[in-house]
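Visitor: Please take me closely through a single part of this model. Keep it connected, and give the cut-offs as you go.

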Amino acid sequence: MNYYQSATKRKSTRQFKDKEVSASVISEIKEYFGKCKRLVPDINVEMSVLDMKSAPVLTGCAGYEDYLIEAPQYILITSEKSEYYLENAGFIGEDLILKLTDMGIATCWVTISDEAKMKERLRIASDMVPAGFIAIGYEDSVKSIKRLDIVNQSNVTLKKRSSYEAPKLFIDDAIIAEDMGIKGEPSTLDHYTDLYQALVAACCSPSFLNRQPYRFIINDGLFMLVEFKDDETDENDAHLNLGILMLNFYGVLSERSGVYGKWSLDVPESEKAKVTVPEGGKIVAGIKI
Ligand SMILES: Cc1cc2nc3c(=O)[nH]c(=O)nc-3n(C[C@H](O)[C@H](O)[C@H](O)COP(=O)(O)O)c2cc1C
């Protein structure tokens, strides 16, 4: 799979054909799950595929305003509930989504609005919780497109992508501070293809209601992810958003050279002290670039 191509091609689908994804695709994705990227490898995670018959059971547990997108199948990621389990589930789920995109399968993240209810209804083992939920299938482009009212989080320019619904952050707006000379001279990025493509992928990441409540700071070779609290996004989805973004950035950054390290979810205070974070922002992760 080419991460950059998948990350820029991916979009959320909300209208699916009445046709199940074949058993061979499901078995390939299950195999991929066994070896896909993990943010916190020690956390125990499992993946299962639910079919449409599960949808009525999930009423009131999943979807924007509890409206569950009708899809022929859903991927459920269950996880042990330890620190960063949602960032990890977002990271894994997004890796599955990019793989499915590469395989021509349409997807959409679905919010788990009531974790406890979903756990009970699906009889999930006591030591695990539902962490990530994704609708999968084949896009039905004939049915009318359900549009989302996407509200831009702050005063930034969003890039319209042709034939896509969701406008995305411009790289220049996404980077709030950096010491590489990019903001004054964006063509600087021409010399850093890995970084440039990783930034594009990060800006194309799916996020809850497309709010994209994060920005970046680059300082002294450290790329830092800054989270901003967003009134529309609940805590669990905010954690998933971060994991999803980290996968898009890391998948693309590391795919060609493999020389890059991993994300750290514990940026040293000494590194944080070197930069000024705008009000309301919090550095939540960093990766050496
Ligand atoms: C954590 C999370 C939860 C989401 N939940 C839903 C959902 O319940 N229903 C829905 O239609 N879309 C959902 N989405 C999809 C977003 O609305 C979508 O990613 C965003 O609008 C950007 O569009 P794009 O994915 O086409 O780039 C969710 C996305 C994320 C990351």
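Guide: Start at V49: its bridge partner in strand 2 is I75. A strand here is a DSSP run of E with at least two residues, a helix is a run of H or I with at least four, and both are numbered from the N terminus. This is a predicted model, where local features need pLDDT of at least 70, side-chain atom pairs count only at pLDDT 80 or more, and totals for chains, interfaces and linings use all residues. Residues are numbered from 1 along each chain as its sequence is written.

Now follow I75 to its other partner. In strand 4, I75 is bridged to I134. Strand 2 (residues 73–80) and strand 4 (residues 128–137) run antiparallel and are joined by eight bridges. Strand 1 and strand 2 also run antiparallel, with seven bridges between them. Two strands count as paired if DSSP finds at least two bridges between them.

How enclosed is strand 2? Six of its eight residues are buried, so the rest of the structure largely encloses it. Buried means 20 or more other C-beta atoms within 10 Å of a residue's own; exposed means 12 or fewer; partly exposed lies in between. These C-beta atoms are placed from the backbone too. In a regular strand, side chains alternate between the two faces of the sheet.

Next, the loops on either side of strand 2. D66 is in the loop between strand 1 and strand 2. Its phi is near 65°, a positive value in a residue other than glycine. D66 has 13 other C-beta atoms within 10 Å, so it is partly exposed. Y84 is in the loop between strand 2 and helix 3. Y84 is not a glycine either, yet its phi is positive, about 70°. Y84 counts as buried because it has 20 C-beta neighbours inside 10 Å.

Strand 3 leads on to the ligand. Strand 3 and helix 7 (235–255) are the elements that give two or more residues to the shell around the ligand. That shell holds 24 residues, of which S12, W109, A166, P206 and N210 come nearest. A residue is near a molecule if its C-beta atom, placed from the backbone, lies within 6 Å of it. The largest share, four residues, comes from helix 7. By type, the shell divides into 14 nonpolar, six polar and four charged residues. Nonpolar here means Ala, Val, Leu, Ile, Met, Phe, Trp, Tyr, Cys and Pro; charged means Asp, Glu, Lys and Arg; the others, Gly among them, are polar.

F249 has 29 C-beta neighbours inside 10 Å, so it counts as buried. Not counting residues up to four places away in sequence, F249 touches A198, A201 and A202.

Finally, the whole protein. It has eight helices and ten strands. Of its 289 residues, 41% count as buried. Among contacts between residues at least 6 apart in sequence, 76% join residues at least 24 apart.

How values were computed
Contact = placed C-beta atoms within 7 Å.
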